[in-house]
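These are my notebook entries on one protein model. I record what I looked up, topic by topic.

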Amino acid sequence: MSEKLKIGISIGDVNGIGLEIIIKTLAESMIYNYCTPIVYGHTKVASFYRRVTEASELNFNVIDHPSKAQPKRANMINCWEEDVKIEPGVADKEVGKFAFASLERATADLINGDIDALVTAPINKDTIQSEDFNFPGHTEYLQARDGAAESLMFLVSDTLRVGVVTGHIPVTKVAESITTEKILAKLKLMNTSLRDDFWIRKPKIAVLGLNPHASDNGLIGDEEQTTIIPAIEEARSNDILAFGPYAADGFFANATYMQFDAVLAMYHDQGLIPFKQIAFESGVNFTAGLKFVRTSPDHGTAYDIAGKNMASEISFREAIFTALHIVKHRKEGLELNENPLQFSKLSRDRD
């Protein structure tokens, strides 16, 4: 583990705040003490945002493969040759293809093992759509590239970790999408991630209800009784310490989440709204359940402040460090399992 890890960075929407927060992060010299960053984009676009952020001292080392990355430099792989019309704050389908070009090249290097983890800057989920990208977001695309049957959108911070059963789907489809099997699958992914990625030996997981007041014993809907409680009971029979279902409003208002290592919410906004209220600046989005490590900041393209040098890089920087910690935990865990301490039976004999 003495060699610094290579962290790939996709730039996201070129009209959003992605390159602003990337450049602000890489302009801090301390980042190079911990990793070798490789940005997938283009130097011409980066030059525009270097001027926006007044980071004239940051110069990218242009390479064509991660193996050529310089450990004390901000490295850049150019992913296209066309000129880009940059209009900060504008949603433009013409620039969506550049966000995909960055993500596609970075993901390929990630799967090939040429980089150790991927940190993704925010995309516009609409403008990136094409014949090659037909997914609701990063999570679903990366799950497909990994070939995983399931993944978990896992928002993490020092004080709170929240996963969701259903992700980027319409609210009208949430209830029909929640099954006992799906909840159990997410609980298994969350439990495994907490153990392997965060080194929590016996995680305690809170499960939220779907209906107001967690249905008040079936008075307001029956999903808790027919779907959620059976999943919790099955999880506990599989040695997963799952508890609930809890009414979401009181659970967060009373800070009950402080008693647990993670929370499983039933749908996107039920989990992400309180998470962002509690841990917005320091929060990180982690895609758990994949063979590789991917993190991102917990915010979007922020068109309203794009190009104004107002975007905070804190969440993006945290995403890099979270990725580093998870990769190291996984590698150290594998090493420990491959070379366990030899068991020796103690003798009752005394010298």
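**Entry 1: Helix α1**

I looked up the buried residues of α1 and found Gly18, Leu19, Glu20, Ile21, Ile22, Ile23, Lys24, Thr25 and Leu26. Buried means under 20% relative accessible area, exposed over 50%, and partly exposed in between (1.4 Å probe, protein chains only). Helices (H or I, at least four residues) and strands (E, at least two) are DSSP runs, numbered from the N terminus. Nine of the nine residues of α1 (residues 18-26) are buried, so this helix is largely enclosed by the rest of the structure.

I note that this is a predicted model, in which local features need pLDDT of at least 70 and side-chain atom pairs count only at pLDDT 80 or more, while totals for chains, interfaces and linings use all residues. Residues are numbered from 1 along each chain as its sequence is written, and side-chain values use heavy atoms, with hydrogens and water left out.

**Entry 2: Nonpolar cores**

I then looked up the nonpolar cores, which are sets of buried Ala, Val, Leu, Ile, Met, Phe, Trp, Tyr and Cys residues joined through side-chain atoms within 4.5 Å. The largest has 93 residues, and Ile22, Leu26, Phe60, Phe154 and Ile183 have the most contacts inside it. Which residues does Leu26 touch, not counting residues up to four places away in sequence? I found Ile31, Tyr32, Pro37, Val39, Leu58, Phe60 and Ala74; contact means heavy atoms within 4.5 Å. A second, separate core of 17 residues includes Val164, Ala206, Ala248 and Leu272.

**Entry 3: Strand β7**

I checked the partners of β7; two strands pair if DSSP finds at least two bridges between them. Three bridges join β6 to β7, and these strands run antiparallel. Four residues lie between β6 and β7 in their hairpin, and Val156 stands opposite Arg161. Three bridges also join β7 to β10 (residues 262-265), here in a parallel arrangement, with Gly163 opposite Leu264.
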